[in-house]
Amino acid sequence: MNCKNKICCVVGGGSIAERKVKGLIESGACITVISPNITPDLQVLADHKQLHWVNRVYREGDLQGAFLVYATANQREVNNAVAQEARQRGILVNVADRLEETDFITPGILRRGRLTISVSTAGAGPAVTADITSALEPLFGSEYEPYLDFMYEMRQIIKRTVSSPRQRAKLLRRLANSGILDQIRRHEFVAWTEKEMDLWIAQNQEE
Ligand SMILES: C[C@@]1(CC(=O)O)C2=NC(=C\c3[nH]c(c(CCC(=O)O)c3CC(=O)O)Cc3[nH]c(c(CC(=O)O)c3CCC(=O)O)/C=C3\N/C(=C\2)[C@@H](CCC(=O)O)[C@]3(C)CC(=O)O)/[C@H]1CCC(=O)O
Ligand SMILES: NC(=O)c1ccc[n+]([C@@H]2O[C@H](COP(=O)([O-])OP(=O)(O)OC[C@H]3O[C@@H](n4cnc5c(N)ncnc54)[C@H](O)[C@@H]3O)[C@@H](O)[C@H]2O)c1
């Protein structure tokens with residue numbers, strides 16, 4: 001989901017709100033927290049203008065203009081009212097204390113530059129989600145960041161210069177199997193010049 005520059009609201013300022021806000025910051029959202037009190041970490045983020053804190057209880061109408069909302073108050077009737085307003089306005093809502101009323105589930109996330117791996121157990125076991133996300137970390141290391149930057153660049157050139165979809169798919173498959181990732185892992189990869197990129201495309205197209 002692309003939350004970049006979209007208004008994302010969090011109702012409540014406790015430990016759950018803090019976790020959701022930290023996830024939203026990673027996604028580049030514009031965050032509004034509505035709560036009469038917030039955790040020390042959220043206060044630091046508010047001081048650094050990484051979120052906008054509305055220092056009071058939630059009121060109907062607060063969700064105007066929001067893309068999504070997390071209802072994380074510790075009172076059932078408050079989360080229920082937030083969910084109701086969200087439904088009326090067509091805003092996606094995550095209800096912290098009612099999985100069955102939730103539009104979307106917050107996954108465990110592993111990021112490596114352009115790579116995002118999301119893990120979910122559909123709410124069955126958040127602790128299992130956390131374990132699986134941790135287990136994936138060493139398998140998908142920091143090498144994926146330069147690797148995907150390289151793949152992105154090559155794909156742009158291939159899309160621009162190769163007109164046949166079949167040829168494009170063949171080239172991109174071949175590129176993904178050409179050992180670049182291993183070269184990066186062994187610190188042997190030297191960034192290709194544009195000329196080298198063009199040459200690779202020409203050579204691999206002929207065959
Ligand atoms: C992935 C992660 C992301 C995040 O929250 O940012 C996440 N929970 C995380 C950790 C975690 N949460 C809990 C424990 C204690 C162990 C346990 O209970 O299992 C641990 C483990 C720990 O702390 O290590 C307790 C808990 N969680 C929920 C409930 C309520 C309920 O089940 O109704 C209760 C019980 C409350 C109670 O009654 O005590 C609900 C949800 N938690 C979700 C996400 C969604 C489902 C994700 C999925 O599909 O698996 C959902 C539905 C909320 C949502 O959609 O937002 C993050 C790991 C980040 C990471 O480290 O990678
Ligand atoms: N989804 C999950 O991952 C998960 C995990 C554990 C617990 N929960 C549930 O999430 C909820 C929040 O948990 P928590 O640990 O963050 O609680 P908490 O007590 O730490 O925080 C609750 C926050 O809600 C605020 N609040 C209360 N009434 C409000 C109102 N009218 N308007 C705005 N804010 C209001 C409080 O001021 C406080 O900041 C609980 O219902 C809990 O059962 C969810």
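This is a predicted model: local features need pLDDT of at least 70, side-chain atom pairs count only at pLDDT 80 or more; totals for chains, interfaces and linings use all residues.
Local features were taken at pLDDT of at least 70 and side-chain atom pairs only at pLDDT 80 or more, whereas totals for chains, interfaces and linings use all residues. Residues are numbered from 1 along each chain as its sequence is written, ligands are numbered from 1 in the order in which they are written, and side-chain values use heavy atoms, with hydrogens and water left out.

Ligand 1 takes up the space of the largest pocket, a pocket being an open set of points on a 1 Å grid over the protein atoms alone, where a 1.4 Å probe fits, with protein on both sides within 12 Å along at least five of seven lines; a molecule sits in a pocket if more than half of its atoms lie within 2 Å of its grid points. Around ligand 1 there are 18 residues, of which K20, T106, S120, T121 and T129 come nearest, where a residue is counted as near if one of its heavy atoms lies within 4 Å. The shell comprises seven nonpolar, nine polar and two charged residues, with Ala, Val, Leu, Ile, Met, Phe, Trp, Tyr, Cys and Pro counted as nonpolar, Asp, Glu, Lys and Arg as charged, and the others, Gly among them, as polar. Helices α1 and α4 (126–136) each supply at least two residues of this shell, and α4 gives the most, with five; helices are DSSP runs (H or I) of at least four residues, and strands (E) of at least two, numbered from the N terminus.

Oxygen atoms of ligand 1 lie 2.8 Å from a side-chain N or O atom of K20, 2.9 Å from a polar side-chain atom of N94 and 3.1 Å from a polar backbone atom of A122. Taken alone, ligand 1 exposes 1100 Å², of which the protein buries 57%, as computed by the Shrake-Rupley method with a 1.4 Å probe.

The space taken by ligand 2 is the second largest pocket. The shell of ligand 2 holds 21 residues, the closest being G13, S15, I16, N37 and Y58, and divides into nine nonpolar, nine polar and three charged residues. Helix α1 (residues 15–26) provides the largest share, four residues. An oxygen atom of ligand 2 is placed 2.9 Å from a side-chain N or O atom of S15, a backbone N or O atom of I16 is likewise 2.9 Å from a ligand oxygen, and a side-chain N or O atom of S35 is 3.3 Å from one. Of the 870 Å² that ligand 2 exposes when taken alone, the protein buries 69%.

E101 is found in the loop between β5 (92–95) and β6 (108–112). Not counting residues up to four places away in sequence, E101 touches R76, N80, A83, R87, V93 and V95, contact meaning heavy atoms within 4.5 Å. The C-alpha atoms of E101 and Q205, which are 104 residues apart along the chain, are separated by 52 Å.

Conventions: A polar contact is a pair of N or O atoms within 3.5 Å; within protein, one must be able to donate a hydrogen and the other to accept it, and residues adjacent in sequence count only if both atoms are side-chain atoms. On a 1 Å grid over the protein atoms alone, a cavity is a set of points where a 1.4 Å probe fits but cannot get out, and a pocket is an open set with protein on both sides within 12 Å along at least five of seven lines; lining residues have an atom within 4 Å of a point.
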